[in-house]
Amino acid sequence: MVLQETVNYDTANEGHVFCTFLDATKAFDRVKYFKFFNCLLDRKLPDVIFRFLCKLYTSHITRVIKNGMLSWWFNVVNGVKQGGVLSPVLFCIYVDGLLLAICTAGFGCFICSMFTGILAYADDIALLLPTVLAMRKMLWVCEEYASEYYVLFNASKSKCIICVSRQKSMCDYLLNIKFALTGKVIETVKSWASPWAYHHK
């Protein structure tokens with residue numbers, strides 16, 4: 001809803017909106033515990049909850065099955081649990097620094113005074129920027145954060161939609177705009193069945 005309202009607000013006021021939907025490859029599996037626990041400490045969680053989460057993850061063992069054969073049990077040394085009720089929330093905490101960095105930069109879209117330049121839940125992240133330069137700067141911020149926190153953004157699965165002002169028309173300049181992530185071009189599409197279930201044509 002926030003994404004849709006942001007696009008409607010900006011395009012009604014003679015502005016374009018550049019929407020980039022980022023895909024994070026195996027996002028839950030790539031969470032590094034030493035970074036994750038530091039994120040939890042920064043949140044100043046009650047000691048009992050922090051110790052519980054540390055115990056839950058540092059003592060986690062599993063095994064895999066292939067062709068009907070079970071492996072030996074082994075320790076899991078990174079990642080939040082796939083299918084775990086807490087996992088999306090814990091991953092949100094893990095990437096909260098990225099959201100704060102982009103909010104602090106202040107280059108994104110606004111509805112009145114409310115910043116709506118980045119929307120995220122778990123590993124679904126959408127960037128909403130009013131200019132080409134702002135989008136390129138924010139993608140650079142994402143690359144820097146991803147490098148530090150071992151997140152792998154996949155440019156080939158990420159998509160960009162250019163939402164043109166209702167008072168203007170699509171021009172050649174907009175058609176030729178390209179954005180890149182880790183040196184790879186992000187495909188610009190006219191519509192996208194994104195995790196946000198939003199379509200723009």
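This is a predicted model: local features need pLDDT of at least 70, side-chain atom pairs count only at pLDDT 80 or more; totals for chains, interfaces and linings use all residues.

Biologist: Where is asparagine 154, and which residues does it touch?

Modeller: Asparagine 154 sits in the loop between α6 and β10 (159-163). Helices (H or I, at least four residues) and strands (E, at least two) are DSSP runs, numbered from the N terminus. Contact means heavy atoms within 4.5 Å. Not counting residues up to four places away in sequence, asparagine 154 touches Asp23 and Thr25.

Biologist: Thanks! How many helices and strands does the protein chain have, and what share of its residues is buried?

Modeller: Along the principal axes, the C-alpha atoms fill a box of roughly 60 × 45 × 30 Å. The protein chain has seven helices and 12 strands. Of its 201 residues, the buried share is 42%.

Biologist: Among contacts between residues at least 6 apart in sequence, what percentage join residues at least 24 apart?

Modeller: That value is for the protein chain, and it takes in contacts between residues at least 6 apart in sequence. Those that join residues at least 24 apart make up 69%.

Biologist: Which residues of the largest nonpolar core touch the most other members?

Modeller: A nonpolar core is a set of buried Ala, Val, Leu, Ile, Met, Phe, Trp, Tyr and Cys residues joined through side-chain atoms within 4.5 Å. In soluble globular proteins, nonpolar side chains tend to be buried together. The largest core here has 52 residues, and those touching the most other members are Phe36, Tyr94, Ile102, Leu127 and Phe153.

Biologist: What does phenylalanine 153 touch?

Modeller: Phenylalanine 153 is one of the residues with the most partners in the largest core. Leaving out residues up to four places away in sequence, its contacts are Leu22, Asp23, Ala24, Leu98, Ile125, Cys142, Ala146 and Leu181.

Biologist: On to the rings: how many aromatic pairs are there, and what is the angle between the planes of tyrosine 33 and tyrosine 57?

Modeller: Rings of Phe, Tyr and Trp (its six-membered ring) pair if their centres lie within 6.5 Å; planes under 30 degrees apart count as stacked, over 60 as edge-to-face and the rest as tilted. The structure holds 12 such pairs. Tyrosine 33 and tyrosine 57 form an edge-to-face pair, 5.8 Å centre to centre, with a plane angle of 65 degrees.

Biologist: Which helices hold these two tyrosines?

Modeller: The pair links distant parts of the chain, 24 residues apart. Tyrosine 33 is buried because its relative accessibility is 9%, and tyrosine 57 is buried with a relative accessible area of 2%. Tyrosine 33 lies in helix α2 (residues 33-42) and tyrosine 57 in helix α3 (residues 47-58).

Biologist: Why does lysine 35 count as buried, and which residues is it in contact with?

Modeller: Lysine 35 is in helix α2. Lysine 35 counts as buried because its relative accessible area is 17%. Leaving aside neighbours within four places in sequence, lysine 35 is in contact with Tyr94, Glu148, Tyr149 and Tyr150.

Biologist: Is lysine 26 buried or exposed?

Modeller: Lysine 26 is in the loop between β1 (17-23) and α2. Although not a glycine, lysine 26 has a positive phi of about 45 degrees. With a relative accessible area of 61%, lysine 26 is exposed.

Methods: Residues are numbered from 1 along each chain as its sequence is written. Side-chain values use heavy atoms; hydrogens and water are left out. Buried means under 20% relative accessible area, exposed over 50%, partly exposed in between (1.4 Å probe, protein chains only).
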